[in-house]
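Subject: A structure for you to look at

Hi,

Here is the structure I promised to pass on. Have a look at it first, and then read on for what turned up.

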Amino acid sequence: MIIDVRHQRSLPARLLDLLLTALAWAAFITIFLRGADALFDGSHQGPRPWLPEALRTLGTLTVYLIIAAVNAAILLGWAFYNQWRFRGRDRRRAAPSLSDAQMAPPFAVPAGLLGRMRAGRRLVIHHDAAGTITAVDDRPALKVVPLERETTSFQ
C-alpha cells in the first residue's frame, strides 16, 4: 500500500478549522475582558477594595500557572528523552523506495508482473488457499448484469 500524504486536508476542512479557532479566541478574549472589568469595577456595592478580589483571583491564577508549569516540564522531559533516545537519527525521512526485485519476493510474484499490476486500472487477483497470488488478470472482462427492479402496484 502506498500512502500519499501530500494533500492531507482539504480546503474546506482547513477553513472550518480556521473559523472554529477564531471563534474560540473571540470567546476567550470576551470572557477574559468581562472578568477583568468585573474585577476592577467599583460600582457594584459602593466603594469596595479591589485588592482582596485581586488576591483571590491571583490565587486561582497561581494554581493554573503551576499546572501549566508541570505540563511544560512533562513535555520538555519527553522531548529531551526522545532526543537522547534517538541521538540524532532522522526519523522524519521518507522510507527509501523499493525496487521490483525487492518487492516481488514477499508477495511471491515475478518482478515483471509488478509493473503490469501498477499500470492496470482494473485487476482481478487470484489466490490459492495459502494466500499466494496465483494469477493476475489485468484486463478483466466486465459482465453486464441487468438490475432486477421490483414492481410495485398501487391498489
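Let me start with the hairpin of β1 and β2: 5 residues lie between its strands, and G131 takes a positive phi near 95° there. Strands here are DSSP runs of E with at least two residues, helices are runs of H or I with at least four residues, and both are numbered from the N terminus.

Before going further, a word on the source: this is a predicted model, where local features need pLDDT of at least 70, side-chain atom pairs count only at pLDDT 80 or more, and totals for chains, interfaces and linings use all residues. Residues are numbered from 1 along each chain as its sequence is written, and side-chain values use heavy atoms, with hydrogens and water left out.

Strand β1 (residues 124-127) runs antiparallel to β2, and 4 bridges join them; two strands pair if DSSP finds at least two bridges between them. V124 has D137 as its bridge partner in β2, while H126 has A135. H126 is partly exposed, at a relative accessible area of 33% (buried is under 20%, exposed over 50%, partly exposed in between, with a 1.4 Å probe and protein chains only). Not counting residues up to four places away in sequence, H126 touches T132, I133, T134, A135 and D137, where contact means heavy atoms within 4.5 Å. The C-alpha atoms of H126 and V136 are separated by 6.1 Å, with the two residues 10 apart along the chain.

Strand β2 also takes part in the core. The largest nonpolar core consists of 7 residues, A104, V109, L113, L114, M117, I133 and V136; such a core is a set of buried Ala, Val, Leu, Ile, Met, Phe, Trp, Tyr and Cys residues joined through side-chain atoms within 4.5 Å. Two or more of its residues come from each of α4 (111-119) and β2 (133-137), and α4 gives the largest share, 3 residues. Leaving aside neighbours within four places in sequence, L114 is in contact with D100, M103, A104 and V109.

What does the whole chain look like? The protein has 4 helices and 2 strands, in the order α-α-α-α-β-β from the N terminus. Of its 155 residues, 8% count as buried. Among contacts between residues at least 6 apart in sequence, 8% join residues at least 24 apart.

One last item, in helix α2 (residues 51-86), is L55. L55 is exposed, with a relative accessible area of 51%.

Enjoy exploring it, and write back with any questions!

Best wishes
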